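Please open the structure in your viewer and keep the selection tool at hand. The stops below are meant to be taken in order.

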Amino acid sequence: MAPLEPWQKVLVDAEEFPLTVHGYLPCTDCHSGTQSSDKEIAHEGLVARPSDGAPNACSECHVDVASSYENSLHSTLRGYWTVLETRSVPENHAAIEQVIGNHCARCHTTCGDCHVSQPASVGGGFFDGHLFLRTPPMTRSCTACHGSRVGNEYLGLNEGYPGDVHFRQGRMSCMDCHKNHELHGDPALCTQCHINPEAAAMAPADHRYDGLQSPSCESCHADVTLGTSDNDMHSVHGADLACQVCHSITYTSCDGCHVAISEKTGNPYFQTEATYLTFQIGLNPERSYTRPYRYVTLRHVPATADGFSFYGENLLPNFNSLPTWVYTTPHNIQLRTPQAESCNSCHGNAALFLTPDKVDPVEVPANRPVIVPAVPSSIP
Amino acid sequence: MFLAGILLLVSCRPTNPSASIDLDSPVGLDIPDLSEQVVEAIPLAGAESAGEVNECLACHTRQERLVATAEQVEEVGEGESSGVG
């Protein structure tokens, strides 16, 4: 999509906006500044992004959502810290904080980034004349950020590979599965049923696969877990396989991300060494009550031990404490896939499994928890 | 009484339902063309509205005023980045 012109980014819909609830508020209530026909005077003290920070302009009215949103991963980006704290040591945290501030914080998302404007990564600007959209438009909001992996997979933009069946046939958007309570970091749906003190004290998620699967495939495809499916593979494998092992297809992996500050412009930048398509089944590194699978799909992430060397020597001394092939849930689900055509499409098919020979020797120690030691033997 | 009730119901209908916003659209690829919309004077919203003009909207609803007053803003992006982020 072509970037918006500067004037387009801030053009308010003269007919619709004044009739909306937010249109009844004086602009200065949220944006500060001054009522004046002189731009310089009008913009003095202007708050261009009133949903930045907490509390913010939105939280004055939307108290419930704003309070839970403070703890959502979209807001905290806590997942970065979870990984980097594990790989680092406390004395390096100041430098890591600088890395996150310069290179990762741009992904921090405010209320306005989903409900009013396009994210900065695609140039910003109002979606629709400053109208507040209850449901963010998928390609101008969700996949504008989650584009290179999720967006390309879901929409079928990886050449030669079809888009997700939920999109191709169901025309489902992100929010048909990822409901607002999840996106807002709201644990209310758990505590509505689980009313014990532990549930009320649930800590906010510290990475994307923390806690309950939300959404989960089984929420809609309940027959698979209830044992009423007429597909033998579902009964034979049960919860041994994550759904994606059989139902996803080739997806993107990346290698070697390095970050630095440009000498020319002073701006932060990154460089990744390689992006390529993979399909690898490995062991589930963290089997849990809600993710009991033995086998899951794995994606290589671009983390690398010297990726932050611009900011200091050996900032990630415990790099090998986490795999670089990580549990992933590709968004390119198909009813029929090559690996699920027959039993022996998968059993005995070494190409599908992350065996030691497919891992960079330097990364083998980090990936021991996910490497498949022996490919399941073929079935006579 | 009945006529008064009908009158009340009709007068409570939204004057401009937001039919043009397709909230259910799975993919929002269309950029609305608002460039032709011009308002002469928009009353100030909210409690301050006693006949004053909303200067913010008077400018931000007019393409020509926004073009005339636009400043070159240097985007602080990751221009030298390469590869998939």
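**A tour of the predicted model**

Begin by selecting Arg87(A) and Phe319(A): the charged end of Arg87(A) sits over the ring of Phe319(A), 4.3 Å from its centre, where a charge counts as over a ring if NZ of Lys or CZ of Arg is within 6 Å of the ring centre and within 35 degrees of the ring normal. Next select Arg171(A), which lies over the face of Phe167(A) at 4.4 Å from the ring centre.

This is a predicted model, in which local features need pLDDT of at least 70 and side-chain atom pairs count only at pLDDT 80 or more, while totals for chains, interfaces and linings use all residues. Residues are numbered from 1 along each chain as its sequence is written, chains are lettered from A and ligands numbered from 1 in the order in which they are written, and side-chain values use heavy atoms, with hydrogens and water left out.

Now the strands. Select residues 251-261 and 268-278 of chain A, strands E1 and E2, which pair in the antiparallel sense over 10 bridges; strands (E, at least two residues) and helices (H or I, at least four) are DSSP runs numbered from the N terminus, and two strands pair if DSSP finds at least two bridges between them. Tyr251(A) stands opposite Thr278(A) in E2(A), and in the hairpin, with 6 residues between the strands, Gly266(A) takes a positive phi near 80°.

Move on to the open sheet of 3 strands, in the order E3-E4-E5 of chain A with antiparallel pairing. Its edge strands are E3 and E5 of chain A, each pairing on one side only. E4(A) and E5(A) pair over 3 bridges, and Val326(A) in E5(A) is the bridge partner of Arg299(A).

Finally, select Tyr295(A) and Phe353(A), both buried. Their ring centres are 6.0 Å apart and their planes at 75°, so the pair is edge-to-face (rings of Phe, Tyr and Trp, the last by its six-membered ring, pair if their centres lie within 6.5 Å, and planes under 30 degrees apart count as stacked, over 60 as edge-to-face and the rest as tilted).

How values were computed:
Buried < 20%, exposed > 50% of the residue type's maximum accessible area, 1.4 Å probe, protein only.
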